[in-house]
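Colleague: Please take a close look at one helix and its surroundings. Keep it brisk.

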2 protein chains.
Amino acid sequence: MSGKTTIYDIAKELNITAATVSRALNNNPKISQSTRKLVLETANKMNYKQNRLALALRSGKSNNVGVIVPRINTNFFASVIRGIEEALHPEGYQVIICQSHEDKNREIENINTLLNAQVDGILMSISNLPNENDHYLERVIQKNIPLIFFDRKKEMENVSSVTIDDYQASYEITQHLIEQGCDKIAYFSGDRTLEIYEDRYRGYQQALLDNNLQINEDYIIPIKSNVVEGRDAVEKLLALENPPNAIFSTSDFAALGAIQKLKERNIKIPEDFCVFGFGNEPFTKFMELTISTVDQAPLEMGKITAQVFLDKINSVGNKKTGKTVVLMPKLHIRQSSTRIPLI
Amino acid sequence: MSGKTTIYDIAKELNITAATVSRALNNNPKISQSTRKLVLETANKMNYKQNRLALALRSGKSNNVGVIVPRINTNFFASVIRGIEEALHPEGYQVIICQSHEDKNREIENINTLLNAQVDGILMSISNLPNENDHYLERVIQKNIPLIFFDRKKEMENVSSVTIDDYQASYEITQHLIEQGCDKIAYFSGDRTLEIYEDRYRGYQQALLDNNLQINEDYIIPIKSNVVEGRDAVEKLLALENPPNAIFSTSDFAALGAIQKLKERNIKIPEDFCVFGFGNEPFTKFMELTISTVDQAPLEMGKITAQVFLDKINSVGNKKTGKTVVLMPKLHIRQSSTRIPLI
């Protein structure tokens with residue numbers, strides 16, 4: 001750490017106390033605008049970077065950041081959290097994690113817990129019922145604690161978000177399946193009250209329309225993200241008078257269940273039936289029949305979410321602005337949907 | 001909630017204040033032994049159960065419990081945490097989670113973070129370097145905050161632990177492989193400075209000895225728990241003059257890597273080579289060739305760990321005792337090691 005500029009160096013340079021430097025850097029209202037400006041300019045000139053000690057000097061700051069996710073047991077959320085930690089730990093922040101279990105009441109409890117633990121910010125992916133009142137989210141903003149959404153967001157003034165382009169991912173998947181010769185594409189939908197699932201549905205719909213294919217309501221099956229629901233959905237689809245010849249599942253787990261059931265029925269994949277998942281869970285590439293899916297760039301999403309938080313907490317003034325980052329998804333086209341080999 | 005006995009009911013019954021009841025229930029030293037005894041007896045008689053409110057009344061208590069795991073991205077740790085939450089949430093506790101990333105310094109930071117967040121207890125699975133000094137763990141005990149280990153523990157006075165019998169699991173796996181006709185069993189070892197990995201190694205060793213099989217040091221390969229290390233280890237083993245005909249991997253991920261590489265070399269599983277994993281990660285049963293493994297009862301482990309914490313925090317006096325719970329592992333014998341069909 002030696003060689004780095006500290007607040008003491010800045011204090012010495014300006015012949016003021018380190019406490020004044022700290023207060024100026026942390027936007028304490030007791031410090032005049034002119035002093036603050038001078039300190040910031042000097043800090044900049046001396047290439048000062050706020051470190052753990054400096055952060056700790058902020059009165060009432062804990063250097064803890066809270067992360068709320070629906071659940072930790074998917075590769076996606078675990079990887080986002082890893083990205084968040086990789087970006088925040090070098091800056092002196094500790095990350096504490098809570099699970100909402102897709103339950104709005106648990107989410108409110110999580111927020112209270114994190115506020116009581118004096119976190120400096122809350123990074124969250126919201127649970128499945130965003131249409132209810134959101135007073136509990138406004139409490140966070142009123143306390144002037146940065147709130148940043150990732151993946152699953154709610155439109156709120158002054159709140160930043162980092163998401164992927166779910167519409168685009170979904171459009172590209174549906175287009176790919178059509179190019180592989182599938183003209184009856186079933187769709188496993190998540191909870192469409194959530195923006196990400198609605199966006200995915202729109203992408204699917206638009207790709208069908210753009211290819212002059214009709215939307216068949218029998219092919220739209222709402223599922224929870226697990227293997228059993230994928231198996232059950234295939235049962236339903238195969239019982240239709242006019243069964244589909246492809247499935248686009250918004251869950252890798254349900255896609256896996258679908259593949260298991262299709263194989264049990266001796267339906268050949270991809271020759272007779274194509275399957276596409278969503279999420280790039282590790283097992284999708286471990287299977288003997290590898291599963292096509294979308295990578296949601298979770299590590300990058302976590303790192304950017306952390307950076308948006310850092311920018312917000314380190315910005316001087318102008319705190320009441322929201323930033324919207326949209327990442328581009330990456331399709332992994334594998335055996336379960338490849339009739340025509342890629343060049 | 002109506003119909004339940006509250007501290008106010010107890011207060012009325014004894015003609016004392018609710019605050020006195022609360023203090024007595026929470027072992028506050030200001031309350032005399034005789035009053036405490038009377039309150040406890042009455043509470044018992046009236047079938048009183050401490051609820052969220054009562055817990056909140058404890059001065060300085062947060063109703064938060066901290067959980068520290070090496071990482072959240074395995075089914076095992078995610079499931080233990082689910083078990084912990086399922087047991088603690090109905091009791092009014094919120095669970096906050098930290099990852100140590102197998103790094104002792106991160107673990108110390110985690111503990112400080114949780115202590116600063118005023119947690120009422122810390123439930124943890126320790127990182128890979130338990131032999132270093134453990135003053136930071138003693139700090140928790142000195143603060144009279146219950147510390148409970150699960151899965152990976154350190155022997156410490158007055159500290160409870162909930163583990164599975166790793167020795168037994170390992171012995172049974174090795175015995176099974178021998179019964180399937182394997183006489184050259186390689187062993188993928190974790191970090192043997194950790195008690196669980198040393199116990200597993202001892203189980204493997206003892207089963208070989210009991211079957212008059214020699215231990216071949218070339219067959220013992222230390223690995224990290226991932227697919228690539230499993231693949232690399234197989235490369236090494238197949239290059240030996242006298243290669244093995246089975247692998248017992250203490251990691252499911254490394255077992256998967258091993259299977260991938262063996263297949264690439266056109267070695268038939270289980271006919272020519274048996275593989276056994278550890279951990280019952282979901283993918284082990286998803287594979288076309290299902291992978292034999294051990295279930296470590298993570299949900300049960302989590303629930304019991306939570307119960308040990310509740311017993312400890314709700315016990316009156318006598319707090320300085322440790323409890324040791326050892327769960328029995330359950331082998332899942334699947335295709336990757338089944339030459340002789342089970343009856």
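Modeller: Domain bounds here come from an automatic or database domain assignment. By that assignment, chain A is divided into domain 1 (7–50), domain 2 (59–164 + 298–327) and domain 3 (166–296 + 331–337). The model is predicted: local features need pLDDT of at least 70, side-chain atom pairs count only at pLDDT 80 or more, and totals for chains, interfaces and linings use all residues. Residues are numbered from 1 along each chain as its sequence is written, chains are lettered from A and ligands numbered from 1 in the order written, and side-chain values use heavy atoms, without hydrogens and water.

Now the helix, H10 of chain B. Helices (H or I, at least four residues) and strands (E, at least two) are DSSP runs, numbered from the N terminus. H10(B) covers residues 227–238, 12 residues in total.

At its start, a side-chain oxygen of Asn226(B) comes within 3.2 Å of the backbone nitrogen of Val228(B).

Val227(B), Gly230(B), Ala233(B), Val234(B) and Leu237(B) are buried (under 20% relative accessible area, 1.4 Å probe, protein chains only; exposed is over 50%, partly exposed in between). They span an arc of only 125 degrees around the axis, so they sit on the same side of H10(B); the arc is taken from directions between the helix axis and the C-beta atoms. The face turned away from that side carries exposed Val228(B) and Lys236(B).

The buried residues pack (heavy atoms within 4.5 Å) against S6 (185–189), S7 (220–222), S8 (246–249) and H11 (252–264) of chain B, together with H12 (283–286) of chain A.

How values were computed:
Expected span 1.5 Å × (residues − 1). Polar contact = N/O pair within 3.5 Å; in protein donor to acceptor, adjacent residues only side chain to side chain.
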